Amino acid sequence: MLYRFIVLRRALFIVSMCVLFSQTSALAAEQVVLKYGIFRESISVEELSKFAETGELSRSLRVNFALAQQDPKAIRPYLTTPVKIDLVILDRILNSPIGNVILDELSQVIHTPSRRADRQALRAALILSASEDGQVTLLEIIENYPTVNVEVDGERLENAYHQLRRLQVGLQDLLKF
């Protein structure tokens, strides 16, 4: 229990540092810049959440997916399929050299507009997402991202989901030792 408190305290510290680095007062993302190659569309996190949860496409998402020649039905599971992750072990991994590599890989897909403090922002978003229910989805990471705007490379969402799955498998392997 004490360690969980320390983990949450560390997450709050990371969130506050991200807020300072990004020069914003937000504690969660409000806008997503969804990128597909040369196409960039700014949508609200609420709009993306509605699509992920219901499958209903807003006009801007419909246009974005059409221009990028992407199938929304193929993308939706990557946003919503949960990956079970123990919060305490996640915190230990993310604050290690291996965790830095994982965070750097994920930040190629989900990152701050300025590309500063990406590691810290992702670490905070992952910890906050896992602390809610012991699992993480890409949508939760985006929703818990500690900056007003978050950029997402839509072409690489599948890769990001598979990185989360590898993180889950890695954590399970560590538990066996």
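Visitor: Which residues does Ile-141 touch, not counting residues up to four places away in sequence?
Guide: In this predicted model, residues up to four places away in sequence are left out of the list for Ile-141. With those set aside, Ile-141 touches Ile-110, Leu-122, Ala-125, Leu-126, Ser-129, Val-136 and Leu-164.

Visitor: Which strands stand at the edges of the open sheet?
Guide: The open sheet has four strands in the order β2-β1-β6-β4, with mixed pairing. A strand with a single partner has one side left without a neighbour in the sheet, and this applies to β2 (39-44) and β4 (110-111). The edge strands are therefore β2 and β4.

Visitor: What is the bridge partner of Leu-34 in β6?
Guide: Strand β1 (residues 31-36) pairs with strand β6 (residues 149-153) in the parallel sense, over five bridges. Leu-34 has its bridge partner in β6, and that residue is Val-152.

Visitor: Why is helix α5 described as largely enclosed by the rest of the structure?
Guide: Helix α5 spans residues 87-94. Its buried residues are Leu-87, Val-88, Ile-89, Leu-90, Asp-91, Ile-93 and Leu-94.

Visitor: Which residue caps the N-terminal end of α5?
Guide: A side-chain oxygen of the capping residue lies 3.2 Å from the backbone nitrogen of Val-88. That residue is Asp-86.

Visitor: How many aromatic pairs are there, and which residues form a cluster through ring pairs?
Guide: The count comes to three aromatic pairs. Phe-51 and Phe-65 form a tilted pair, 5.6 Å centre to centre with 50 degrees between the planes. This pair links helix α2 (residues 45-54) to helix α3 (residues 59-67), with Phe-51 and Phe-65 14 residues apart. The answers are three pairs and a cluster of Tyr-36, Phe-51 and Phe-65.

Visitor: How many residues apart in sequence are the parts tied together by Tyr-78 and Tyr-161?
Guide: Tyr-78 and Tyr-161 form a tilted aromatic pair, 5.8 Å centre to centre. Because Tyr-78 lies in helix α4 (residues 72-80) and Tyr-161 in helix α9 (residues 157-176), the parts that the pair ties together are apart in sequence by 83 residues.

Definitions and conventions: Residues numbered from 1 in each chain as written. Predicted model: local features only at pLDDT ≥ 70, side-chain atom pairs only at ≥ 80, totals over all residues. Heavy atoms only, no water. Buried < 20%, exposed > 50% of the residue type's maximum accessible area, 1.4 Å probe, protein only. Helix = DSSP H or I, 4+ residues; strand = E, 2+ residues; numbered from the N terminus. Polar contact = N/O pair within 3.5 Å; in protein donor to acceptor, adjacent residues only side chain to side chain. Phe/Tyr/Trp six-rings, centres within 6.5 Å; stacked < 30°, edge-to-face > 60°. Contact = heavy atoms within 4.5 Å. Pairing = 2+ DSSP bridges.
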